[in-house]
Amino acid sequence: MNITILGAGAIGSLWACRLANAGHSVSIWSHKPEKSDVSITLDDKNPNRFITNSVLQLKNADVILVTVKAWQVKGSISPLLSHLTQETIIVFMHNGMGVIEELPSTIDKHPVVLATTTHGAFKPDKHNVHHTGLGSTTLGGYNHLGHQCQFLSDVFDHALPSAHWSDSINTALWNKLAISCVINPLTAIHQCLNGDLLQEKYSTNVVQLVGEVSTVMKAENIEVCSEALLNTVHQVISATAKNHSSMQQDIQYKRATEIGYITGYLCKVAQRHRINVPTNQDLYSRIRTIEQSWS
Ligand code: KPL
């Protein structure tokens with residue numbers, strides 16, 4: 001397939017290399033291309049060379065995989081839409097929720113697929129990426145056309161297992177949101193590793209956060225059991241114990257975080273249902289205060 005990756009961060013570069021190694025024709029669209037191609041090496045193996053920012057590749061793309069940060073999605077995809085044919089499948093893979101609702105309605109002419117992944121990736125510099133944590137990827141249709149793209153899970157699974165299709169991607173996204181609402185702001189505020197959250201001093205906060213998210217999920221008619229969700233959160237903390245979360249790194253390097261689409265989204269939905277989420281609200285304000293202190 002002809003695949004263009006929008007955003008060559010850690011996750012985008014990991015998928016670019018794995019899809020290219022699986023035999024697809026992969027190009028990259030980045031917001032600051034330095035040359036007409038870029039070489040990226042995955043786990044110190046053979047370097048892959050990718051054409052960058054080619055309108056021709058975009059026009060011929062069967063799939064656009066959008067891996068930019070949640071707050072960059074709208075600005076990145078909107079100017080490209082006029083170059084795409086209506087058959088081009090757009091796959092969004094970012095942290096958080098509420099992004100697609102902000103996009104121009106013309107997006108709906110395309111099959112739109114949402115994806116969430118628990119793979120860990122680290123990009124120490126622009127030519128190297130490391131696959132730091134084996135995870136899984138869930139894909140599902142967002143619109144009517146997107147629901148007809150089940151075959152994509154085989155394409156993704158072949159390139160980087162495991163990947164599977166879900167008929168209710170919303171449930172998968174909410175479960176990932178719950179994990180992110182706990183791990184991301186706590187590790188960012190305390191500037192700690194994911195694994196540090198297993199310490200006793202964080203346990204009350206973790207339980208409160210999971211409890212609040214479960215209440216909101218129930219109000220949204222998402223099937224959830226708070227004990228099972230707490231277990232899942234603990235499992236992800238353990239599985240990624242040595243990793244720095246994306247928000248921890250964003251705060252460390254003074255980059256805008258995805259808090260608006262993670263905890264911010266949760267708080268907005270909670271407000272719509274008149275549910276109090278004080279622990280999430282507090283973490284949201286603390287991250288915003290840190291971000292504002294930079295300017
Ligand atoms: O995806 C993650 C991130 O670093 O953003 C984790 C920590 C697994 C959950 O949000």
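Is Thr240 buried or exposed? Select Thr240 to begin the tour: the residue is buried, because its relative accessible area is 16% (buried means under 20% relative accessible area, exposed over 50%, and partly exposed in between, with a 1.4 Å probe and protein chains only). Thr240 lies in the loop between α7 and α8 (246-252). Helices are DSSP runs of H or I with at least four residues, strands are runs of E with at least two, and both are numbered from the N terminus. Display the surroundings of Thr240 next: not counting residues up to four places away in sequence, Thr240 touches Asn194 and Gly195, where contact means heavy atoms within 4.5 Å.

The model is predicted, so that local features need pLDDT of at least 70 and side-chain atom pairs count only at pLDDT 80 or more, while totals for chains, interfaces and linings use all residues. Residues are numbered from 1 along each chain as its sequence is written, and side-chain values use heavy atoms, with hydrogens and water left out.

**A buried strand residue**

Now select Phe92, in strand β6 (residues 89-93). Phe92 has a relative accessible area of 1% and is therefore buried. Leaving aside neighbours within four places in sequence, the contacts of Phe92 include Val66, Val73, Ile77, Ile100 and Leu103. Ile107, Val112, Val113, Leu114 and Ala115 are also in contact with Phe92. For a distance across the model, pick the C-alpha atoms of Phe92 and Ala256: they are separated by 19 Å, and the two residues are 164 residues apart along the chain.

**Two helix pairs**

Select helix α1 (residues 10-21) together with helix α4 (residues 152-159); their axes come within 8 Å and cross at roughly 95°. Axes are lines fitted to C-alpha atoms, for helices over the stretch in contact, and angles run from 0 to 180 degrees between N-to-C directions. Show the side chains here: Trp15, Arg18 and Leu19 of α1 meet Val155, Phe156 and Ala159 of α4. By class, this contact has five nonpolar, no polar and one charged residues. Ala, Val, Leu, Ile, Met, Phe, Trp, Tyr, Cys and Pro count as nonpolar, Asp, Glu, Lys and Arg as charged, and the others, Gly among them, as polar.

Move to helix α9 (residues 263-272) and helix α10 (residues 278-294), whose axes come within 9 Å and cross at roughly 135°. The two helices are therefore oblique to each other. Thr263, Gly264, Leu266 and Cys267 in α9 meet Asn280, Gln281 and Tyr284 in α10. The contact of α9 with α10 has three nonpolar, four polar and no charged residues by class.

**Salt bridges**

Side chains of opposite charge can pair when their charged atoms come close. How many salt bridges does a search of the whole structure find? The search finds six, a salt bridge being a side-chain nitrogen of Lys or Arg within 4 Å of a carboxyl oxygen of Asp or Glu.

Select Glu220 and Arg272, whose side chains meet in a salt bridge (3.2 Å, N to O). This pair links distant parts of the chain, 52 residues apart: Glu220 is in the loop between α6 (200-219) and α7 (226-239), and Arg272 is in helix α9. Glu220 counts as partly exposed at 22% relative accessibility, whereas Arg272 is exposed at 58%.

Select Glu291 and Arg288 next; their side chains meet in a salt bridge of 2.7 Å, N to O. Both residues lie in helix α10, three residues apart, about one turn of the helix. Glu291 counts as buried at 13% relative accessibility, while Arg288 is partly exposed at 26%.

Finally, select Lys69, Asp250 and Arg255, which are linked in a network of salt bridges.

**Backbone details**

Display the backbone at Pro161 and Ser162: a cis peptide bond joins them, with omega about -10°. Asn221, in the loop between α6 and α7, has a positive phi of about 60° although it is not a glycine. The last stop is Lys254, in the loop between α8 and α9, with a positive phi near 55°.

How values were computed:
Parallel < 35°, antiparallel > 145°, perpendicular 65-115°, else oblique.
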